[in-house]
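Here is a short note to read alongside the structure, written as numbered points. Please keep the view open and find each residue as it comes up.

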Amino acid sequence: MRFGVVVFPGTWSDCDFHYVIGEVLQQPVKYVWHRDRNLAEFDCLVLPGGFSYGDYLRAGAIAGRSPVVEALPEFVARGGVVLGSCNGFQILCEAGLLPGALMRNECLQYRCQSTHLLVENTDTAFTRAIRPGQVLRMPISHGEGKYHAEPHVLATLKKGNQIVLRYCTEDGGVTRAANPNGSVENIAGIVNDGGTVLGLMPHPERAAETAMGGTDGLMIFHSLLGSLVEDGSVLKR
Amino acid sequence: MKARVLIRLKRGILDVQGSAVLRALAGLGYAELRELRVGKVVELDLDAADPTAATARVDEMCRKLLANPVTEDFTIECPLP
């Protein structure tokens with residue numbers, strides 16, 4: 001199974017993802033330049049965090065119209081999975097691959113801190129190794145992570161069980177105090193209606209070794225690896 | 001042909017940046033302020049046959065990139081005086 005880590009001008013978490021996938025998980029991984037449209041050799045593409053194009057216009061707006069992102073719908077249609085973290089989540093929303101938008105944090109502060117996340121949907125390629133209701137701990141690092149969606153979009157997300165992660169307290173309480181950025185209904189991560197595109201503001205790649213202070217982010221990767229083995233993607237190459 | 005696009009957060013969406021600027025102005029003594037919202041201006045110069053054609057092109061640009069339809073509204077001024 002092959003991972004691609006997409007690099008835009010201004011991406012900053014690309015090396016972290018590359019390290020975790022290649023060194024910690026010992027999986028084949030390559031960098032993918034943002035002008036690349038040929039994604040045939042990959043099973044999973046990662047859109048890492050950072051400040052693509054300096055956040056000009058809106059966070060993720062310009063990257064959301066780049067060649068590699070324009071190739072994503074076809075990649076997803078043929079069974080590829082996409083994980084967008086932080087700026088990657090913003091890009092997926094800007095590109096219309098995920099509904100809603102990410103706006104300036106309600107507190108106006110850039111928040112770089114540890115967060116607790118309630119896993120609400122464990123029936124996705126990204127969360128299948130996790131128990132329903134399990135609380136994960138991962139860091140966030142963003143100034144524009146307030147998830148916004150119109151009421152009818154929220155209703156669709158709920159109906160389709162597309163809300164995967166919510167900010168919560170250590171014991172799983174979804175409270176206002178546990179919401180670091182003002183996201184509607186504490187939303188920290190969502191999937192598309194097929195469950196194959198995940199956008200999340202937290203950084204799983206920064207919670208992948210004990211030395212980083214936690215390994216809960218690995219649960220996302222282990223879920224992915226299990227899915228790719230089970231659906232035969234591994235055998236196909 | 002010159003055109004100007006004004007991009008604003010939709011009504012009903014909390015403008016935290018505007019609130020912060022309002023508080024700063026209130027701190028400078030402008031106690032009469034009731035509301036303040038911050039938007040963006042994009043100025044363009046494009047080749048077009050007439051203002052109608054230019055407006056149509058700029059409208060397309062707004063929908064494709066310049067504005068986010070989830071959070072923002074936009075208005076186009078063309079031609080500019």
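1. Is Glu70(A) buried or exposed? The model is a predicted one, and in it Glu70(A) has 12 other C-beta atoms within 10 Å. A residue counts as exposed if that number is 12 or fewer, so Glu70(A) is exposed. This residue is found in helix α2 of chain A, which covers residues 67–70. Arg35(A) lies 35 residues away from Glu70(A) along the chain, and the C-alpha atoms of the two are separated by 9.9 Å.

2. When neighbours within four places in sequence are left aside, Ile220(A) is in contact with Phe126(A) and Pro204(A). The C-alpha atom of Ile220(A) is separated by 15 Å from that of Cys86(A), a residue 134 places away along the chain.

3. Turning to chain A as a whole, one can count seven helices and 11 strands. Its radius of gyration is 16 Å, close to the 18 Å that the globule rule gives for 237 residues, so the chain is as compact as a globular protein of that length. Taken along the principal axes, the box filled by its C-alpha atoms is roughly 45 × 40 × 35 Å. Of the 237 residues, 54% count as buried, and among contacts between residues at least 6 apart in sequence, 76% join residues that are at least 24 apart.

4. In soluble globular proteins, nonpolar side chains tend to be buried together. Here the largest nonpolar core holds 71 residues, of which Val6(A), Leu45(A), Val46(A) and Leu117(A) touch the most other members. Helix α6 of chain A, made of residues 218–230, gives the most to this core, with six residues. A second, separate core has 10 residues, including Val5(B), Ala54(B), Phe74(B) and Ile76(B). As for Val46(A), and not counting residues up to four places away in sequence, this residue touches Phe3(A), Gly4(A), Val5(A), Val6(A), Phe17(A) and Leu83(A).

5. Phe17(A) also belongs to helix α1 of chain A (residues 14–24), where Asp14(A), Phe17(A), His18(A), Val20(A) and Ile21(A) are buried. Seen down the axis of α1(A), the buried residues fall within an arc of 165 degrees, so they line one face of the helix. An α-helix has 3.6 residues a turn, so residues three or four places apart point the same way. After α1(A) comes Gln26(A), whose phi is positive, near 60 degrees.

6. Just after α1(B), Gly29(B) takes a positive phi of about 105 degrees.

7. The last point concerns the contact of the two chains, to which chain B brings seven residues and chain A brings 11 residues. On the side of chain B that touches chain A, α1(B) gives the most, with three residues. The residues of that side divide into four nonpolar and three polar, with no charged residue among them.

Technical notes:
Residues are numbered from 1 along each chain as its sequence is written. Chains are lettered from A and ligands numbered from 1 in the order in which they are written. This is a predicted model: local features need pLDDT of at least 70, side-chain atom pairs count only at pLDDT 80 or more; totals for chains, interfaces and linings use all residues. Helices (H or I, at least four residues) and strands (E, at least two) are DSSP runs, numbered from the N terminus. The radius of gyration is taken over C-alpha atoms; the globule rule is 2.2 Å times the number of residues to the power 0.38. A residue is buried if 20 or more other C-beta atoms lie within 10 Å of its own, exposed if 12 or fewer, and partly exposed in between; C-beta atoms are placed from the backbone. Ala, Val, Leu, Ile, Met, Phe, Trp, Tyr, Cys and Pro count as nonpolar, Asp, Glu, Lys and Arg as charged, and the others, Gly among them, as polar. A nonpolar core is a set of buried Ala, Val, Leu, Ile, Met, Phe, Trp, Tyr and Cys residues joined through C-beta atoms within 7 Å. The arc is that of the directions from the helix axis to the C-beta atoms.
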